[in-house]
Amino acid sequence: MNPPDIPQNEANRLQALRSLALLDSPAEERFDRLTRLAKRLFDVPIALVSLVDERRQWFKSNDGLQCSETSREISFCGHAILGNDFFIVEDASKDERFADNPLVIGAPYLRFYAGYPLKYLGEGNLGTLCLMDTEPRTLSKEDLDSLKDLAGIAEKELEAVQLATLDELTKISNRRGFISLGKQALSICLRQEVSATIIFFDLDKFKPINDKFGHAEGDRALIAFANLMGNSFRDSDVFARLGGDEFVVLLTDTSYELAEATVARFAASVANYNKKSNRGYDISFSEGIVTIEHDQAYTLEALLNRADSLMYANKHKQ
């Protein structure tokens, strides 16, 4: 058996995949209807929309396979995402890459696989729309064209997910995206018994920027702040624009003291930007920091409210 190689753009691909907050999410009709249609169109027992992360292929939509995921090491889709066209195995039992694969020599005894990679906004292939059969078979050109068309619809649905969780102006997560990713992050902290910290940011004197320099300049300030967040916090941190001039970041496995030090470094980064940009105004902010331990029961919404209250208390002290 040949495990799939790792794409050269793996880091960007995984970051894009996580930004969608689809992994381990409930079934959705917009994806399920595609696998139902594919299964019926191609008369196959199995049709999937798969997403491939570091260690597994997880099925966002699954029609016909009696599991929700398999390891990446034995996956067919792990091979399919390495290219930008169809990946087809007509008879896995006669293909040296898969002949001894557990999915071939054991249930569901796969023989045929056809997958088309799901490309995403130039960040790589996140997964596939694929067909599987327990009997060897081939696909006609018309079949291939139809499979590609269905994959194109799946790609559009992935883009729609991102648009719904992405702030249009700053291109970072919006409130919906933060709530989705943040809940997952807090759940991981609970399982791993580590602390988590939320920092709520509000820009100071933002209205005068709009009033004096215009809304286009205000937008420029918001974009700059979001970019500084992206450059200052860890890849594992979840940050977002909640709306208006309010931003938030969730740091996992981070104490209150470490969060304070992180805010100080971020403030220095903002000050350096102000000095270099020389736009006639300075970006500044107030923050509220809330840290919880893994044995404390708080919802993400409750933590946001606490951090928001602390932020306003700090702002009023200025």
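Glu28, Arg30, Arg33, Lys60 and Glu157 are joined in a network of salt bridges, a salt bridge being a side-chain nitrogen of Lys or Arg within 4 Å of a carboxyl oxygen of Asp or Glu. The model is a predicted one, in which local features need pLDDT of at least 70 and side-chain atom pairs count only at pLDDT 80 or more, while totals for chains, interfaces and linings use all residues. Residues are numbered from 1 along each chain as its sequence is written, and side-chain values use heavy atoms, with hydrogens and water left out.

Lysine 60 is buried, with a relative accessible area of 3%, whereas glutamate 28, at 23% relative accessibility, counts as partly exposed.

A search of the whole structure finds 23 salt bridges, and side chains of opposite charge can pair when their charged atoms come close. One of these salt bridges is formed by arginine 13 with glutamate 10, whose closest N and O atoms are 2.9 Å apart. Because they stand three residues apart in helix α1 (residues 10–19), arginine 13 and glutamate 10 are separated by about one helical turn, and both arginine 13 and glutamate 10 are buried. Another salt bridge brings together the side chains of glutamate 29 and arginine 36, at 2.4 Å from N to O. Here glutamate 29 is partly exposed, with a relative accessible area of 45%, and arginine 36 is likewise partly exposed, with a relative accessible area of 37%.

The next topic is the packing of two helices. The axes of helix α8 (residues 215–232) and helix α9 (residues 256–277) come within 10 Å and cross at roughly 135°, where axes are lines fitted to C-alpha atoms, for helices over the stretch in contact, and angles run from 0 to 180 degrees between N-to-C directions. The two helices are therefore oblique to each other, since angles under 35 degrees count as roughly parallel, over 145 as roughly antiparallel, 65 to 115 as roughly perpendicular and the rest as oblique. The crossing of α8 and α9 is right-handed, a crossing being left-handed if the near helix is turned anticlockwise from the far one by less than a right angle, and right-handed if clockwise. From α8 the contact (heavy atoms within 4.5 Å) is made by Ala224, Phe225, Leu228, Met229 and Ser232, and from α9 by Phe266, Ser269, Val270 and Tyr273. By class, the contact of α8 with α9 has seven nonpolar, two polar and no charged residues; Ala, Val, Leu, Ile, Met, Phe, Trp, Tyr, Cys and Pro count as nonpolar, Asp, Glu, Lys and Arg as charged, and the others, Gly among them, as polar.

Tyrosine 273, which is placed in helix α9, is partly exposed at 23% relative accessibility. Leaving aside its neighbours within four places in sequence, tyrosine 273 is in contact with Ala224, Leu228, Arg279 and Ile283. Asparagine 274, also found in helix α9, is buried, with a relative accessible area of 10%, and, with its neighbours within four places in sequence left aside, asparagine 274 is in contact with Tyr281, Asp282 and Ile283.

Some details of the backbone remain. A cis peptide bond, with omega of about 10°, joins alanine 107 and proline 108, and proline 108 is found in the loop between α4 (102–105) and β5 (112–119). Aspartate 24, in the loop between α1 and α2, has a phi near 65°, a positive value in a residue other than glycine, and aspartate 24 is exposed, with a relative accessible area of 51%. Lysine 205 has a positive phi of about 50° although it is not a glycine; lysine 205 lies in the loop between β7 (196–203) and α7 (206–213) and is exposed, with a relative accessible area of 70%.

Notes. Helix = DSSP H or I, 4+ residues; strand = E, 2+ residues; numbered from the N terminus. Buried < 20%, exposed > 50% of the residue type's maximum accessible area, 1.4 Å probe, protein only.
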